[in-house]
Amino acid sequence: MPAHPDSNLYPEATGLAKTLVDKHRTQQPLKLYAGWFCPYTDSVCHRLIHRKETNKQVQRVWLALEEKGIPYEYIEVNPYNKPDSLLTLNPRGLVPTLSTPADPHPRPLYESTVILEYLEEAYPDHQPRLLPEDVYERARARIWIDYVTSRIIPSFHRFLQYQPDESGEDANAGWDRARRELLSHLKAWTKEMHENGPFFLGEGIGLPDLVLAPWAVRLWVFDEFKGGLRIPGEGEGGPDEEIWRRWRTWLAAVGSRRSVQETTSEIEHYLPIYKRYADNTAQSELAKATRANRGVP
Ligand SMILES: N[C@@H](CCC(=O)N[C@@H](CS)C(=O)NCC(=O)O)C(=O)O
């Protein structure tokens, strides 16, 4: 069987993210098995064309650990060349996977949104709290956390993996349909944000922010590979001007977060990985699910 195309991807975090990883190499009861490139576990780059100004990476779980100041050990693994150390914890061999402290043996956890909720409940004294105290507001936050995973990420990947010849429809029409679908999901999500923010739930960062941030700061992939997503710039939003203004406020707040800055790797190592998605030759579970028109793995 030919080697997985990502089995030889760049082996470790670079730039600021490497500095952070180096601080978290010593043994800790809580262990994060991560891939430096992975938005579920790991990092994000900002727009390539602004690479001189910003080059950010984020990750759902890594960000939550950093935001909350929870002690953890970072263990880099390549989930496309799954080591036994990962498979024994998570039979699906996906990152992020967590090894949690317990007697007599540590216990594994996986699925990024499950891990995020676990961290929130298992470390109640660690601030900030990332979900609202109010029961209704907490439930409502979960609707929009789910929306990211069930709507935004699949449409992100449908656009990124879109190939003009695949459906027989006019190439421009197909491209435009995929692009608009993603825009409409981002708009629907943005409409639900706290009016002033700057974050989704208000002044403080929360789980809705952490679940979307890794993809939001990777929107540069569409400029690089797909002719642009074309989010309206200031004054160009027409009837949706207020919504896109709110989006820009949110994106700036997320992008300037210290935790985001410090989980940043260097952009050039993402390019070959995202090129395979853009060419629709990537073989990750996510890429295959997108091709088969299934939800995310
Ligand atoms: N639903 C999982 C998805 C995790 C996931 O797809 N991780 C990717 C890396 S970003 C992975 O491990 N892929 C390995 C593979 O596709 O075999 C989560 O939210 O944690």
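Trainee: Which helices do the buried residues of α5 pack against in this predicted model?

Mentor: The partners are α4, α6 (171-191), α7, α8 (220-225), α11 (271-278) and α12 (285-291). Among the buried residues of α5 are Trp144, Val148, Phe156 and Leu160.

Trainee: What makes Trp144 of α5 count as buried?

Mentor: A residue is called buried if 20 or more other C-beta atoms lie within 10 Å of its own. Trp144 is listed as buried, so its C-beta atom meets that cut-off.

Trainee: How do you know that the span of α5 agrees with its number of residues?

Mentor: Helix α5 (residues 135-161) has 27 residues, which at 1.5 Å a residue should span 39 Å. Its end C-alpha atoms are 38 Å apart, so the two values agree.

Trainee: Where is the kink in α5 centred?

Mentor: The kink, of about 35°, is centred on Val148, and Val148 is also buried.

Trainee: Why are the buried residues of α4 said to line one face of the helix?

Mentor: In α4 (residues 112-122), the buried residues are Ser112, Ile115, Leu116 and Leu119. Seen down the axis of α4, they fall within an arc of 105°, so they line one face. Residues three or four places apart point the same way, because an α-helix has 3.6 residues a turn. Val114 and Glu121 are exposed, on the face turned away from the buried side.

Trainee: What covers the buried residues of α4?

Mentor: The cover includes α2 (60-68), β3 (97-100), β4 (107-110) and α7 (207-216).

Trainee: Which residues come nearest to the ligand?

Mentor: Of the 15 residues around the ligand, these are Cys38, Pro79, Leu94, Ser112 and Glu285. The shell divides into 10 nonpolar, 3 polar and 2 charged residues.

Definitions and conventions
Residues numbered from 1 in each chain as written. Predicted model: local features only at pLDDT ≥ 70, side-chain atom pairs only at ≥ 80, totals over all residues. Buried ≥ 20, exposed ≤ 12 C-beta atoms within 10 Å, placed from the backbone. Helix = DSSP H or I, 4+ residues; strand = E, 2+ residues; numbered from the N terminus. Arc of directions from axis to C-beta. Contact = placed C-beta atoms within 7 Å. Near = placed C-beta within 6 Å. Nonpolar A, V, L, I, M, F, W, Y, C, P; charged D, E, K, R; others polar. Expected span 1.5 Å × (residues − 1). Bend = angle between axes of the 7 residues up to and from the residue.
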